[in-house]
Amino acid sequence: MFHSLRYRLTAIFIGLAIGPLILVAIAIEYRSFSSLEQQSLTLQRELATRVGDELQTFIEERTRELVLLNGLEHLASLPPNRQGAALGILLSRQQIYQSLVLVDIKGQEWAAVSRHDGTGGAQVRQWAEEEAFLFPLTQGEFYYSPVSFDENTHEPMMLVSIPVTDLRSGAITFVLVANLKLKPIWDLLSHTELSSASDVYVTDRAGHVLAHRNPSVVLRGTMADIPARDGRATGLTGNKVFAVKKVLHFGQQEFVIIAEQPVSVALELANETLRMTVIATLVALGTVGLLVIFSVRHLVRPIEHVAHLAQAIGRGDFSRQIHVSTRDEVYELAVTFNSMSRRLQESMSGLQQEIAERVQAQEALTVNVQTAIEFQDRLKALHDVDIELSQETSLDDLYRRAIELGRSRLGFDRLGLFLISEDGKLMLGTFGTNKEGDVIDERELVNEIANDPYISQAIQSKSPVTIWSDKKLMNNWQEVGSGWGLMAALWDGDRTIGWLAADNLVRQEPLAAYQPELLTLFGSTLGHLVKQLQAGEALRERELKYRALFQQTTDAVFLSDLDGNHIDVNQRAADMLGYTVEELVGLSFREIVAPSDRASSANVLNALQTRQKIAPHERMLRTRDGVEFPVEISVELVEDEDGNPLHIQRIVRDITTRKRDEEHRITLAFEKEQMRLLTDFITAVSHEFRTPLSIINTRLYLIERAGNPGDRAVMAAVIKEQVTYIGELFEAMITMTRLGGGSVTMNMRPLDVNTLLRSIEVQTSTLVQAKQQSLALRLAPDLPPVHGDEKHLYSALLQFVENGIRFTPEQGTITIQTASVEDGVVVTVTDTGIGIAAEHLDHIFDHFFRVDAARTERGAGMGLPIAQRIIDIHQGRIEVDSEPETGSTFRIFLPTHPDGRTTD
């Protein structure tokens with residue numbers, strides 16, 4: 001059978017058809033498995049290197065903290081009690097230290113602090129024979145101990161010790177030993193972004209797992225097999241992985257960072273490709289086998305018939321001939337062979353036709369194989385693109401890189417990425433390509449989806465990909481050509497959040513069979529990455545808020561329910577007030593506020609419950625022992641994503657030292673200011689008093705010689721005016737001195753600014769009418785009350801209005817406006833007067849400064865400084881805009897009263 005012509009032809013034809021396909025498939029799979037293995041190892045090396053760098057930074061920062069503590073505090077020269085205090089400060093600020101011990105050169109503990117108790121424990125440890133003491137003492141270098149595990153918590157610990165030298169002699173006088181918690185490395189690993197199914201952990205040289213994203217792996221004492229080299233190994237859970245290790249040395253100690261990824265995950269794409277290739281080969285084998293068997297059957301059968309007839313004649317089988325020995329019978333045999341030859345010729349013609357068809361099938365199969373190979377290359381490139389895009393940390397970078405990689409790696413001619421607005425009506429551009437194929441920023445492109453019938457129809461169809469064989473191709477909403485177009489949707493569940501668009505405007509190449517599926521896969525991955533990154537950014541924002549709340553160890557943090565009862569506090573809050581954390585949680589914030597401030601604290605709580613914003617403010621708190629001290633409080637209402645209130649957050653800072661320093665600085669500044677005021681006063685008043693006194697002397701001289709009573713009355717009026725002016729000067733100086741020295745008592749209460757301004761309008765009406773000016777009030781209704789002293793605030797606002805009237809010519813206009821702004825009220829006084837030059841604007845609030853250097857206008861230059869001082873006392877501020885010959889605008893900002901109510 002195996003030597004028959006039928007079997008040999010069948011075997012030859014099948015081998016020629018299937019053999020090249022099998023060889024190509026083997027080459028593709030080998031390349032795919034090798035590439036994915038190297039890619040996995042590369043990713044794990046990057047992961048291990050990143051974690052190793054962060055771990056090395058963590059250990060080195062702790063060493064620098066100890067060196068900095070010695071450098072700042074000069075531990076060797078401090079008395080024992082201050083040495084312990086310095087160690088305690090570092091221990092309280094850095095939760096990663098279990099204990100800090102200062103050992104003298106004899107190996108005796110000199111000063112020690114520990115988290116178990118404030119003095120380091122009842123038993124004094126002897127260090128004379130321990131390596132942590134001997135190595136820094138003899139070598140003068142840092143020492144890092146082997147990692148040990150706490151008996152109670154099973155957390156990994158490590159001793160770090162440094163020599164402490166005397167600054168004058170340079171000799172080593174102490175050794176500072178720190179027992180360092182390695183638990184923060186767990187947090188470092190938990191925040192490390194990993195690729196699919198990857199894992200990373202830290203061991204010592206013996207294989208003890210010291211840090212893992214899952215704390216239970218460390219706490220149950222897991223041992224790891226450290227791979228001898230990068231490559232295939234047995235993973236932490238016993239499965240086969242691609243593993244990479246990175247070794248860090250700290251003194252004599254080693255940390256091994258191991259990053260691994262399961263072999264099944266890393267080679268998942270290759271395994272899928274192998275399955276597809278095997279299926280395609282089996283289908284091709286069956287198809288070609290049937291074709292060959294059919295062809296061989298028709299080719300061999302005529303030959304077999306001829307052979308059978310020849311064998312029959314050779315055997316002398318003439319049963320089918322009637323007359324054997326006659327010519328007629330030979331003739332019939334010749335006719336028979338001629339007939340068989342003709343049939344053989346017909347069979348050969350049929351065979352040639354079958355061969356031609358087989359060649360065409362072979363060529364079609366070759367084209368399909370090439371297309372499959374190209375598709376496999378694109379799928380591999382898509383896998384690489386997915387990995388690279390997953391490393392992006394911002395949405396804009398993700399959009400831009402998606403277009404760049406889609407063109408350079410996936411072979412698309414032009415690409416554009418669009419998102420859909422939340423209401424589903426607008427298409428929002430991100431990045432795309434122009435008509436030359438260059439990547440451009442299209443974030444400014446916004447259009448209604450209904451304006452584009454192609455897009456509207458594709459979105460409504462809910463199809464993963466839409467193909468147009470002949471459509472108008474657009475660039476920046478302008479038609480630039482025609483060709484095929486693709487649109488693949490980006491999905492969030494069953495909701496379309498955007499799409500990827502592709503066309504062939506630049507190269508005008510025909511659409512490849514695999515390109516719609518490739519774009520669909522790319523869009524599916526990109527949609528997942530977009531939502532993941534959006535969710536990640538939102539999560540990071542929430543994490544940052546939470547970490548900012550509880551990791552600022554220098555401030556006390558209080559979380560309260562909506563009634564003011566504590567639900568959580570940090571350790572700093574307990575230390576600040578002398579309570580335990582549990583005791584504070586059982587209290588309300590009102591109970592730790594000094595009695596004098598409890599009413600104000602209740603007003604703040606009421607304001608929060610009505611969703612009002614509360615500015616940072618100062619209060620007096622009371623410790624457990626009854627000691628009151630000043631603090632600065634920042635308070636806000638924390639809400640969930642739907643705007644529902646969750647709890648109240650307070651960040652409290654002890655400002656005792658700051659208050660003392662501020663008082664000292666204020667005292668010094670006040671003394672300097674008094675000296676400067678005295679000097680300026682002597683300079684300014686020498687002229688201001690000389691002029692009216694000269695006028696008075698002249699008029700007295702003339703009165704003595706005037707014979708007309710009318711003339712004497714006029715001169716007496718001038719003398720009275722000058723005496724009044726001198727009195728105003730003295731009164732202004734007294735007011736400025738009192739305001740500057742803080743001796744003026746302010747009766748602070750809620751005030752209606754609009755009411756004050758209406759009174760000022762009445763008071764200045766005579767002066768306005770005398771100059772034929774116009775005074776316009778534009779007062780905002782429902783203005784919140786301000787917190788101020790009515791008399792002094794009225795005086796300050798009057799000064800700004802009178803200034804506008806004084807420096808505005810006849811027929812001019814003065815406008816007074818009020819408006820509500822965030823956390824306050826703004827009063828705007830605008831005039832159409834002579835204005836102020838730019839070089840004078842920075843000095844108009846200086847004492848005794850006058851734009852009129854020649855002093856042709858009456859005044860000592862104290863009106864605006866007094867007004868500014870009053871506004872400062874009210875915790876407000878002033879802004880000035882002015883242009884010469886056009887006019888000036890003064891904006892006075894005043895804070896609102898906390899309880900939001902005015903008084904009669």
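Trp 468 counts as buried, at 15% relative accessibility; buried means under 20% relative accessible area, exposed over 50% and partly exposed in between, with a 1.4 Å probe and protein chains only. The model is predicted: local features need pLDDT of at least 70, side-chain atom pairs count only at pLDDT 80 or more, and totals for chains, interfaces and linings use all residues. Residues are numbered from 1 along each chain as its sequence is written, and side-chain values use heavy atoms, with hydrogens and water left out.

**Chain overview**

The protein chain has 20 helices and 30 strands. These elements are DSSP runs numbered from the N terminus, helices being H or I with at least four residues and strands E with at least two. Of the 904 residues in the protein chain, 41% are buried. Among contacts with a separation of 6 or more, 59% come from residues 24 or more positions apart, where contact means heavy atoms within 4.5 Å.

**Aromatic rings**

Rings of Phe, Tyr and Trp (its six-membered ring) pair if their centres lie within 6.5 Å; planes under 30 degrees apart are stacked, over 60 edge-to-face, and the rest tilted. By this rule there are nine aromatic pairs. Two of the pairs are tabulated here.

| Pair | Centre distance | Plane angle | Class |
|---|---|---|---|
| Tyr 144 and Phe 250 | 5.6 Å | 55 degrees | tilted |
| Tyr 454 and Trp 468 | 5.5 Å | 80 degrees | edge-to-face |

Tyr 454 belongs to helix H10 (residues 453-461) and Trp 468 to strand E16 (residues 465-475), 14 residues apart. Tyr 454 is partly exposed, with a relative accessible area of 27%. Tyr 144 in strand E3 (residues 143-144) and Phe 250 in strand E10 (residues 240-250) are 106 residues apart, and both are buried. Tyr 144, Phe 250 and Phe 255 form one aromatic cluster.

A charge sits over a ring if NZ of Lys or CZ of Arg is within 6 Å of the ring centre and within 35 degrees of the ring normal. Arg 125 lies over the face of Trp 127, 4.1 Å from the ring centre, and the charged end of Arg 877 sits over the ring of Phe 893, 3.9 Å from its centre.

**Loops**

Most residues other than glycine have a negative phi. Lys 462, in the loop between H10 and E16, has a positive phi of about 60 degrees and is partly exposed at 48% relative accessibility. Gln 772 has a phi near 55 degrees and is found in the loop between helix H18 (765-770) and strand E25 (774-778).

**A mixed sheet**

Five strands form an open sheet in the order E25-E27-E28-E30-E29, with mixed pairing; two strands pair if DSSP finds at least two bridges between them. E25 and strand E29 (877-883) stand at the edges with a single partner strand each, so one side of each has no neighbour in the sheet. Strand E28 (residues 824-831) and strand E30 (residues 887-895) run antiparallel and are joined by seven bridges. Thr 830 stands opposite Thr 889 in E30.
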